[in-house]
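Please consult the sequence and the coordinates alongside the text.

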Amino acid sequence: MKAKLTCKLLLINTLLAIVMIFIGIGNISADDTDVYRASVKNNAMLVIDVSGSMAWPVYDANIDYATFFEWAIGAGYGHDDTDLTDWYADKAAGTLWEKDKIYLVSAYTGYAEITGEDGVTKYAATGDPVYTGSTRRQRWVTGGIIDTGWQVTDWENPAENNNIETVTVGDKVYVVYPTNYDNTKADNGQDIKGNYTVAYENANITGQQLKNHQGIRLTDEREDPRTGVAKDYGFLGYLHAPGIYFSGLFESGTWYTLTDNPNAAVTSSGDERIYAFVTGNYLSFIKLIEDLNGDGGSCEHSEGWRYICYQPGARVWTTVDIGTIRNAEYYSSSDYSSSRNENCGEIDLNQFSGRKYLRIYFRNLDIENRTVGSCDCWNSNSENDGVYFVDQDGNILTQLTSGVNETPEGKIYGCDQAYVWTGDYNVTNVTKIYVKFYVAPNGGDNCSGSDRGFRITKIQWTAQEAAEEPAASGAFSCCNGTDGVGQKVRSRLEVAQDAMKIVVDETREKINWGLVKW
């Protein structure tokens, strides 16, 4: 099967088509003497939408979002804020979706029937599933997830590697509604998130071609004669590019009862609850977009997908929960008292065979330090305060790579920080770490607000010295590594800009380009 277009390539193809129209118009001669005239470039204008919706993310089937999500958390670049669901709880319960499986999933996005330009052809239109508000977006990954029993394991050979149910009409193969729900997470005929029985509202659905103008061939490759690029307008093409295809079904007023009648659909704020075919990878995309919060430095943002790049070539770290280690007065509403050098707890590393490097996770870090300067202090207090780590031989550990603020003496400090990892410590010969908290004689007063100290809850360790970095793949910034390296979720505007750059560069000698935004 020829390569299919992603959203980015689709946009490039469309722009090139527009370009060829302009070129074609410019080549129509009004007079044979035109051949003796100086050639003049055609003029063209690109109009780009820069409104709020252009900041929304674009699905890319080449990214494994589940692996991306777990890797980002395991590497300490982010955490799961669990707005939609608890990733690790679902994984432990065995109710997570699988990357290449195809599910029927419902959410409130609305539905409308529209008529094409020919005045006859009918089309189905639904709302955008990505940014419809978190309460509605949550439906995609928390309920109404029906395992169709279909799975695509090789996009290049769909006829040999999937069990999608179809019907042949003439020489064309069309997708039909699944007749069975092959569900390994629950009994057949149940959704994977609960014990609700799944059923079609009437007998005219099962095994029939998709309703509400959604009838579609399994594959439908077409080559653009102007560009020579082929793309798949079939069911597999849609699931490969946008990752989603409206099934033509809705949920009726009865839980997990699917109907093909739009008027029988349950609604919320006027929007019908539709069912769509989606890949497990698409569900992981929704989860990552909504719930991956960035941690530490330039990655610290509620929408981690905008900043974190998936760079799996780096070291693989193992994350371990170690309970809670904190200073004695952490839960006090006032400042910690002065003149102390307390032992707050210890971390036993003997159980981690082959360990070479270690990171320590501060769930909270609120220790100011006037001597080095983490805050704009207005008095002489908080000098040299900080938490520090001592090995079994009494040596103070210092970071090899800077993850959090550290004094020359190895004391860590920070102002009202949370979810931050230290840099790497060499622990090849370290068997035990003692966590200590130092407060100077004139310390204990805050610079601003109430300084509570610190709370440590996790560590990461690795037996690797290093690993090969992933190759550069684009012009984008990365909060967690080298810019342009690895994979990154792009916004609609970023994809559109990249596509326009390619088109302008390829037609530079033929067209004068203008640009307007709105």
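The side chain of Asp-385 reaches the backbone nitrogen of Ala-440 at 3.0 Å, a polar contact (a pair of N or O atoms within 3.5 Å; within protein, one must be able to donate a hydrogen and the other to accept it, and residues adjacent in sequence count only if both atoms are side-chain atoms). Asp-385 lies in the loop between strand S19 (357–367) and strand S20 (386–391). Asp-385 is buried yet has no salt bridge, and Lys-411, the nearest side chain of opposite charge, is 8.6 Å away. Here buried means under 20% relative accessible area, exposed over 50%, and partly exposed in between (1.4 Å probe, protein chains only). Lys and Arg count as positive and Asp and Glu as negative, while His and the chain ends are not counted. A salt bridge is a side-chain nitrogen of Lys or Arg within 4 Å of a carboxyl oxygen of Asp or Glu.

The model is predicted: local features need pLDDT of at least 70, side-chain atom pairs count only at pLDDT 80 or more, and totals for chains, interfaces and linings use all residues. Residues are numbered from 1 along each chain as its sequence is written, and side-chain values use heavy atoms, with hydrogens and water left out.

**Overall composition**

The secondary structure comes to nine helices and 26 strands, where helices (H or I, at least four residues) and strands (E, at least two) are DSSP runs numbered from the N terminus. Of the 518 residues of the protein, 48% count as buried. Among contacts between residues at least 6 apart in sequence, 75% join residues at least 24 apart; a contact means heavy atoms within 4.5 Å.

**Salt bridges**

Side chains of opposite charge can pair when their charged atoms come close.

| Salt bridge | N to O distance |
|---|---|
| Asp-80 and Lys-287 | 3.0 Å |
| Asp-220 and Arg-222 | 2.8 Å |
| Lys-356 and Glu-465 | 4.0 Å |

For the salt bridge of Asp-80 and Lys-287, Asp-80 lies in strand S2 (residues 78–80) and Lys-287 in helix H8 (residues 280–291), so the pair ties together parts that are 207 residues apart in sequence. Asp-80 counts as buried at 14% relative accessibility, and Lys-287 counts as buried at 0%. Asp-80, Lys-287 and Asp-291 are linked in a network of salt bridges.

In the salt bridge of Lys-356 and Glu-465, the pair links distant parts of the chain, 109 residues apart: Lys-356 is in the loop between strand S18 (340–348) and S19, and Glu-465 in the loop between strand S25 (453–462) and helix H9 (492–506). Lys-356 is partly exposed, with a relative accessible area of 26%, and Glu-465 is partly exposed at 42%.

A charge sits over a ring if NZ of Lys or CZ of Arg is within 6 Å of the ring centre and within 35 degrees of the ring normal. Lys-411 likewise lies over the face of Tyr-388, at 5.3 Å from the ring centre.

**Aromatic pairs**

The structure holds 27 aromatic pairs. Rings of Phe, Tyr and Trp (its six-membered ring) pair if their centres lie within 6.5 Å; planes under 30 degrees apart count as stacked, over 60 as edge-to-face and the rest as tilted. One of the pairs is formed by Phe-68 and Tyr-310, which are stacked at 5.1 Å centre to centre with 10° between the planes. This pair links distant parts of the chain, 242 residues apart, with Phe-68 in helix H2 (residues 65–74) and Tyr-310 in the loop between strand S16 (292–294) and strand S17 (318–326). Phe-68 and Tyr-310 are buried.

The rings of Trp-71 and Tyr-310 have their centres 5.3 Å apart and their planes at 65°, so this pair is edge-to-face. Trp-71, in helix H2, is 239 residues from Tyr-310, and both residues are buried. Elsewhere, ring pairs link Tyr-336, Phe-362, Phe-389, Tyr-425, Phe-437 and Phe-454 into a cluster.
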